[in-house]
Amino acid sequence: MSNKPYRLAQGGSHIDRTQRVHFTFDGKPLTGFAGDTLASAVMASGSRLFGRSFKYHRPRGIVGLGSEEMNALVGVGDGARHEPNLRATQVELFDGLHAVSQNRWPSLTFDVGAINSRFSRFLPGGFYYKTFMWPQSFWKHVYEPLIRRSAGLGKAPEGRDPDSYEQIHVHCDVLVVGGGLAGLTAAKAAAASGAKVLLADENPELGGMGDLTAGSINGACVIDHAKVIAAELLDADNAHVLRRSTVVGHWHHNYLMIFERVGDHDPALLASGAPRHRLWKVRAKQVIMATGAIERPIAFANNDRPGIMLASAASALVERYGVAPGVNGIVFTNNDNAYLTALSLKKAGITVRVVDSRARADGTLIERTKSEGIEVSMGSVISAVEGSMGVTGVRVAAYRRGQGRVITERKIACDFIAMSGGFNPALHLWCHNGGKIKFDDGLQSFRPDQHHDAVMAVGAANGTMDVAATVGEAQMAGEAAAKAVFPKARFPKFKSPEIKEPSRAPLEPLWFAPATGKYNEGNKHFIDFQNDVTVADLELAQREGYESVEHTKRYTTFGMATDQGKTSNINGLGVVSEATGKSIPEIGVTTFRPPYSPFSFGSIAGVLTKDLFLPVRCTPAYQWHVDRGATFEPVGQWRRAYTYTGNGEDRQASINREILAVRHKVGLLDASTLGKIEIKGPDAAEFLDRIYTNTFSTLKVGKCRYGLMMNELGFLTDDGVTVRLAEDHFLMHTTSGGADRIAAWLEEWLQTEWTQYKVFVTPVTEQWAQFAIAGPRARNVLAKLAPDFDISHEAFPHMSFREGKLGAYPVRVFRISFSGEQSYEVATPANLGRGLWDAIMDVGQELGIEPYGTEALHVLRAEKGFIVVGDETDGTTTPIDVGLDGLVSKKKPDFIGKRSLEQSYLKGPYRKQLVGLLTEEASEVLPDGAYAVRVVKDKPPMEMIGQVTSSYYSPTLERSIAMALIENGRARMGETLSFPVEGNKVIRAKIVDPVFYDKEGVRQNV
Amino acid sequence: MSDVYHETPLSHCAPPQGLSIDLREIKDRGMIDLRGFASDKTFLAAAKKILGMDLPRVPRTSASWGDVKALWLSIDQWLILCAKSKVAELVVALENELGDRHSLVVDVSDMRAVIRLEGEGVREILLKGSSLDLLSNDYKSGTVRRMRFAEIAALLHVVEDQVFDIYVFRSYANYAWDFLLATARIPTRVKLFGKQI
Amino acid sequence: MLLVHCPVCGAEGDETDFHGGGQAHVRRPATHDPANVGDAAQGEYLFMRHNARGLHFERWRCDRSCGKWFHAARDTVTMEFKAFYGITELPPRALMEAATGEWAAYFKDKLAAGKSS
């Protein structure tokens, strides 16, 4: 490896030679200039090696000039800021940048995995499917770890990402994708009408390939013309230009995402608190694709050696960065465009020859090349490359299309190759959203055809390769897009610029340059560099019968992974075409999927990390629970106090204490999360009769009733207590998790089925803080709160409702009980919730009041055999299954789910029914979800006859209790069932009535 | 127990620092949810008699009379805004006037947290949580829109060109507040469509 | 991400601001004659849905704005919405005529009866 300085004495439009930048690559300190990419700066240092290939660990250098780069994937940054798999050609250099190569061990120049290359005959196409198949146990313990260590791409960062990320939405009239000549021209044309134009380009500099394009516009070079337009757009009131911003995906109805790298290139900006990346979610009325074209490599033997690159990349090195790709190069082409590269190299003082596969061609550029004294070999191909860590020379052979292997060759010494197999329009985004494409014989590639959304393509993305036609069609597309949005838009008259450009001879397809030996004898003709797929692999797949190109893709892995076939797709199709004798359009293309190029997880998460990861809902008394040391459990998005362990108890102790307080003294529960819905109208009662399984039209004003809801399938979906506030006015309670769902459910039936009903439904869950005061001393607590209404048992019996005041607090009080104790649920406007909670705790202190959490609540209700929808039901459970037949009306002609309960499959004798369980060993608590089996066997499978739905230790009964859904359970009363649990253990439990405590329901009714 | 202790959802939040806009909780807003059919002339007349103005019937608009505002929520639903101290009186007046016409009046003053955002660039900040086209003419002063904001349900009221009120359900107040603190930081400022450097 | 338009309030937005409610025009037999709903009719109502390639009719709710349900006609291949119409309405006549397969059979009687919005 030569360490000669490769930085040219002059030139380099992107770099600032006055600003030196210090960085390291694989720990080695290097310097470059401001404006360099990591790729150009490393190349300038004389090094060409950037990584090892995925499968064979072959040494690789850069091939491309931007996002199409498939070899030079590097990791940038340290520790938590490390980001793997970035393309060295897109990494902008800054002072202090640390980059490392990937997929090599122990070092880039000596890599143990390269042995794979020697054994490559054992790694043919489809090797994943052929090898590592047996013995089965080897996969998990031997093959997979081995493959993962040797084949992995970059390393994940260590630690939590210290940077911030965000997302933003934007709507525009016209989105222009790509800031080259075509995109800028179209954007300017559209903006001239006043349309809101958004333009996104993935590079730091606008102008696209303008600087590498021959010709002039109004006497200026193409790039200068483009920069003038760019400046106008940046200055316009109705345009927005995004640089370093890749449009990564295009979805239905012109929804697109743009990945903006805000701070990657500028550590100072990041340090100031700017986001590292920003993800734009764009809805565009019109989209103009000016995504350009990507140059094709050529498949010749060992075409992956470091120093072999696309002609456009060689030009970019010289023109943009003042970097020589080598001292003595060969341009290998099948088209005229690469002659520009030859001229550029010559001008920079680099020795260069041209090898052209076409028998003859006579464009202006070829003439100029010859007149500059550059040797041009027509009708020739590179048949092989010499050198392993780099290029030392090539073998050149005479060529005509369709010939077999090469017989005679001549050797030419060189140290780099610039290749061009033509250009593929970048169709990825066009295709993401279902755009159709057609094959173009002139390009030997696909170009856009029809699109069902409002999308147009212009310039090289549309297969238009010359400047004059590009400017013309971009102008028309820009105006057409604006006109589609504003039909009356007026445009300033467009004066076609005067454009001069060279004439070009047609290209000739070259999918494969033959060599002397067989492909797999050290002669690898790479098609997909990133996935190490060769011509031989594709041909093998054809011989093995993978006729569909989608199958060939999956079998060989060509066109997959981060590269998404940017450089390999059409070349692969060309090889398949020659192997099968079918034309490329007959073969068809594989599917392009988003993203166009990878984007960061940070940008996908945006600000929704840490505390914002999930919306969390807090009740008005939430802070009290926190201060009291509650542990919380999520109920939907709510955080509910689970138990109050603040005084150092363990959880079971605090749960038991809370339960016993409710059974013997009094407890206070924050029940604010319960769903609350006001339902009012002349048809409200009849409507509720349709919604609930039981009847509400008979409920008296001021009274409460427990109701069950089914869906149309006859399965339980929610339950709760509903109060009749007035003849035409109800207040419904739903489960905490069901509040929004049930409100929507009521609206749906009112709007779509019983549209004749006059009923309004207004959810009021959050208007109220609601607390349950439960226990034998509940009324004493209430009395101390100075109610302005009679709270005696006679005046305010169980299942009734009062509205009034407790002291100064306006309240709604429901005498309902989910614990089986005397109980009052007190609701007050939410902003008074904390105050009332404090007041209740205050007056309750001398009565021994204890706050209790959701776990105590659950044990209390289980002791009473009350179901919880979602615990005792699983979405396939009917009211009859849980023993609530009494709540299913026999009289009402129709209610939701009624007809389904009569379907034969819900009536069979083998339905699982709710029962209580008492374990033989009183202290043993069955695991929640444990299965009851018909016969216990040594090992699974065992026939299951039901499962535990709730299981607790009951401090009230001083033993464990459980509920379960058991096949034909009610007929099995008294039977003992076996529950095999973890650790080869079997717990035995007797089926009993599910009401364990106060079967007569006396306690709540005093 | 002679007096109540009153606490708004964001009363514990300190005045924010380092933001590119002003952000604060509006603590004294009374809110009434009013339901009735816009096609029912007697309903509209009764509402007008009490509120002093026609209920807005054009979707996503608002109307005001004195310090009372009516925000359109749906074709049969409005949110009436007034001073908190006036709510009880207004609810009773509406209920009395509406009588047994099909309608529903509910005091929902405590149901939502109200966050006021004010300053240049406020629309761009909201675009970090909303997919609506907030830069368009559809969102001029007086516009009301229920929407999905930062993954939760919210109500947007364009008070003035650069003054917005966001209403979120009370339990989400902290989440919405924290989301705004994260997206309104000065270094994350975005200016959309206009002269760029 | 579909762009959906509510015909009730005119709100337009991402499909995540709306709630898709499945196939439109499914008749609930029990609403009409609860005493005489056969097992087959109930099974049809609960479980059987069209799976149209091309023109399809479906229900949506304006979840984040006015809260009202409406109908939409959509091409399931191109995702293009062909029409939005009221929840108690039939599709525009031209779309009923353009319907194919099970939808054509469904709309046959309606077209014959001359009903259309």
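Predicted model: local features only at pLDDT ≥ 70, side-chain atom pairs only at ≥ 80, totals over all residues.

Modeller: One place to look for it is A:Phe25, whose bridge partner in E7(A) is A:Ala99. E7(A) also has a pairing with strand E5 (residues 73-76) of chain A, and here the two strands run antiparallel and are joined by three bridges; in this pairing A:Val74 stands opposite A:Ser101 of E7(A). Strand E7 covers residues 97-101 of chain A, and because four of its five residues are buried, the strand is largely enclosed by the rest of the structure.

Elsewhere in chain A you can find an open sheet of five strands, with parallel pairing, in the order E17-E24-E18-E19-E20. Strand E17 (308-310) and strand E20 (375-377) of chain A stand at its edges, and since each has a single partner strand, one side of each is left without a neighbour in the sheet. From one strand to the next, the twist averages 25°. Helix H8 (residues 311-321) of chain A packs on this sheet, where it touches E17, E18 and E24 of chain A, and its direction makes about 90° with that of E17(A). Within the sheet, strand E18 (residues 328-333) and strand E24 (residues 416-420) of chain A run parallel and are joined by five bridges, and A:Ile330 has A:Ile417 in E24(A) as its bridge partner.

Chain A also meets chain B, with 43 residues of chain B in contact with 51 residues of chain A. On the side of chain B that touches chain A, the elements that give two or more residues are strand E2 (29-36), strand E6 (103-107) and helix H4 (173-183) of chain B, and the largest share, six residues, comes from H4(B). Sorted by class, that side of chain B has 18 nonpolar, 13 polar and 12 charged residues. As for chain B itself, its secondary structure comes to four helices and 10 strands, and 48% of its 197 residues count as buried.

Key: Residues numbered from 1 in each chain as written. Chains lettered and ligands numbered in written order. Pairing = 2+ DSSP bridges. Axes fitted to C-alpha atoms, helices over the stretch in contact; angles between N-to-C directions. Contact = placed C-beta atoms within 7 Å. Nonpolar A, V, L, I, M, F, W, Y, C, P; charged D, E, K, R; others polar. Buried ≥ 20, exposed ≤ 12 C-beta atoms within 10 Å, placed from the backbone.
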